[in-house]
Structure formats: structure tokens, C-alpha cells
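Here is a short briefing for a reader new to this structure. Look over the chain below, then follow the points by topic.

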Amino acid sequence: MDSSPTIDLIGAPIEIGTSEPGAVMGPAALRTAGLTRVLHDLGFTVRDRGDLAPDCAAGQRDLPAIRAWMTEISRAVETALDGGSLPLVAGGDHSLSLGSVDGALRHCTRSGRPLFVLWLDAHADFNTLQTSPSGNVHGMPLAALCGEPGFDALFEGGERPLLDPRRVHLFGLRSIDTGERALVTQRQVNVVDMRTIDEFGVVAPLRRILDRVAAENGHLHASFDVDFLDPTIAPGVGTTVPGGATFREAHLIMEMLCDSGLVGSLDVVELNPFLDERGRSARVLVELVASLFGRRIIDRPTEMLPLEA
């Protein structure tokens, strides 16, 4: 990361995109697990902006409510980036990324930098209204952000910047619907699935992504879904898929992201405390965020020292 940027912690207690109740409690669980304290201990100035509360009724799940949430989240992220802060959006279901990535896109469009998205998730989240088996919006944010038809009403009026699907990197994918598989292929979305990670580990595929972002002077938005992790590590999520990343693989990813200094905005999504075991998943997520922001066991030397004879 850059030298100690200010972090704007933005709570997004949203479960409008899922049929499984409980994600609305995610931001509170992350705070209770010590997220702010850990970041302070690492030397960051943390401004907790509280939980967003758009002008819609509690429990409202229609199009105006989704749009109200996305507009509020987008503005909060854009404002943080425009002010030189790093926005950390704590959720809440993955539909919140409609707003957070939109805010980062608007900022990057004005600053003339390309936006890359690292989607750490068991799912592709590239469904459309036509391809989605469930109709849940948390499975659609990438399709909407990349300009697939049918989503313009979710965003603020006027022309909006679109995410280039070729700058989207799905990482840890292990569940994809038939319709979105075809779209992901057609739109040339980059995929590192769990088969690739099983064969080559996380280092080589992630290094290629980071090298590409650095070569284009890109802004990297990392979106971390709890179900990226194997459910034996983090059970507090409504969409568990067996065979996810291990605890050590996830920490290594976070450490590499930290070393790269490229992450400019972050989502932590889909934490559902109602499905968790005594706060276990929240604590794991806080540990992983700490690694992303520089916590390490020991400072690594710039060069490996020779072994003593």
C-alpha cells in the first residue's frame, strides 16, 4: 500500500440483493471483531463514516430502493477517492459493488486512469436478468457494471462510465451458471478458477494480474466475498461452495496485494453473522484485511540472505 493513506470505513448494511437474511448485520460484525482498532494499530488514520442509510423504507426491495442504495454507495466511494482516502466498504451483500465500483469508475474516468477489478469470489456474478436462475441482484453486479442491457435504471441518470470486462479478473471461481459462463467467455473476462489455483498456486496468476495493473498505471479495486474462502474456514455466508481458498492462500493473496501498493479501494462483502459460528468468519476477515494493510509476522528482507556454511 501507499504510505499510510487515510482509510474511509463505509458501512453498507444491505441485503437487498439476496434472499438470505442476515447480511445487513455484516458491517456491525466487522466493527465488533475489531476492524477499526486493527487498522489504527497498523498506523492508519481511520475515519468511520458510519452506515449509509439511503432514503428508502426498511425492507424495501424494489428498483427505486436498489437505485437509492447504489447512488448512496457510489457517492461515498467517489467522495473518499476524490479526497485522497482509500474507501473500505463493509457489507452487506455483493450487490453493494454496483455502487462501490461505479464510484471508483467515476473517479478514475476523471483522473484518466484505468480501473481494474479483482473479484475474489466463488461466483462470477455476471448474470443478467435473463440468465439468472434466482433473480437475486447480488449475482449480477459485474454484468451491470460492464454495460449488459437492462441495468441502466439502477444507476444515476445521465451517461455513466462502464467497466471494461477485459479489466475484470475473477479469482477463485468455482461456481458459474450456464448463461453467465457464455457471457464471461464472450466478453473476455479474465478467469483464475480454483482448478488453476490447485495446479499453479496463487502466486503466479496473481503476479500476472498485478504486473498488468502496474504496467497500465491502473487503479485496482479489490472485492472480497466471504465465499471465496472455504466454508470450513468462514461459514458465515449464505452462498457457501466447498473447495475454496485456504486460510494461508488467502493471507498470501492479501500480502501480495499489500506489497504491490496497487489497491485503491476495497469491498468486504457477504458476511452473514446469523449463519456464523461465534463470530469466527468476522474475525478471519479482519485478520485478512490486516494483512492487506501491512500486518506481517516479520519484515521481509529485500534480498534473500545466503545460508551459513
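Two strands pair if DSSP finds at least two bridges between them. Helices (H or I, at least four residues) and strands (E, at least two) are DSSP runs, numbered from the N terminus. The model is predicted: local features need pLDDT of at least 70, side-chain atom pairs count only at pLDDT 80 or more, and totals for chains, interfaces and linings use all residues. Residues are numbered from 1 along each chain as its sequence is written, and side-chain values use heavy atoms, with hydrogens and water left out.

**The sheet**

- Eight strands form an open sheet with parallel pairing, in the order β2-β1-β3-β8-β7-β4-β5-β6.
- Its edge strands are β2 and β6 (190-193), and each of them pairs on one side only.
- From one strand to the next, the twist averages 15°. Axes are lines fitted to C-alpha atoms, for helices over the stretch in contact, and angles run from 0 to 180 degrees between N-to-C directions.

- Strand β3 is mostly covered, with six of its six residues buried. Buried means under 20% relative accessible area, exposed over 50%, and partly exposed in between (1.4 Å probe, protein chains only).
- Leu-86, Leu-88 and Ala-90 point one way from β3, while Pro-87, Val-89 and Gly-91 point the other way; all are buried.
- Strand β1 (residues 7-12) runs parallel to β3, and six bridges join the two.
- Leu-9 has Leu-88 in β3 as its bridge partner.
- On to β8: three bridges join it to β3, and these strands run parallel.
- Which residue in β8 stands opposite Leu-88? Leu-266 does.
- Val-89 stands opposite Asp-267, also in β8.

- Six bridges join β7 to β8, and the two run parallel.
- Asp-225 has Val-269 in β8 as its bridge partner.
- Strand β4 (residues 115-120) and strand β7 (residues 219-225) run parallel, joined by six bridges.
- Val-117 stands opposite His-221 in β7.

**Helices across the sheet**

- Helix α8 (residues 203-215) lies across β4, β5 (168-173), β6 and β7, and runs at about 165° to β5.
- Helix α10 lies across β3 (86-91), β7 and β8 (263-269), and runs at about 175° to β8.

**Aromatic rings**

- Rings of Phe, Tyr and Trp (its six-membered ring) pair if their centres lie within 6.5 Å; planes under 30 degrees apart count as stacked, over 60 as edge-to-face and the rest as tilted.
- The count by this rule is two aromatic pairs.
- Phe-44 and Phe-293 have ring centres 5.4 Å apart and planes at 80°, so they form an edge-to-face pair.
- This pair links distant parts of the chain, 249 residues apart: Phe-44 is in the loop between α2 (35-41) and β2 (46-51), and Phe-293 is in the segment after α10 (280-292).
- Both Phe-44 and Phe-293 are buried.
- Why is the pair of Phe-224 and Phe-228 edge-to-face? Their ring planes are at 70°, with the centres 5.7 Å apart.
- Phe-224 counts as buried at 4% relative accessibility, and Phe-228 counts as buried at 0%.
- Arg-160 lies over the face of Phe-155, at 4.0 Å from the ring centre. A charge sits over a ring if NZ of Lys or CZ of Arg is within 6 Å of the ring centre and within 35 degrees of the ring normal.

**Ser-97**

- Ser-97 lies in helix α4 (residues 97-111).
- Is Ser-97 buried or exposed? Ser-97 is buried, with a relative accessible area of 0%.
- Its side chain makes a polar contact with the side chain of Ser-223 (3.3 Å). A polar contact is a pair of N or O atoms within 3.5 Å; within protein, one must be able to donate a hydrogen and the other to accept it, and residues adjacent in sequence count only if both atoms are side-chain atoms.
- Not counting residues up to four places away in sequence, Ser-97 touches Asp-102, Trp-119, Leu-145, Ser-223 and Asp-267. Contact means heavy atoms within 4.5 Å.

**The loop between β4 and α5**

- Gln-130 lies in the loop between β4 and α5 (141-145), and counts as exposed at 65% relative accessibility.
- Asn-136 has its place in the loop between β4 and α5, but counts as buried at 15% relative accessibility.
- Asn-136 touches Gly-17, Thr-18 and Ser-19, not counting residues up to four places away in sequence.
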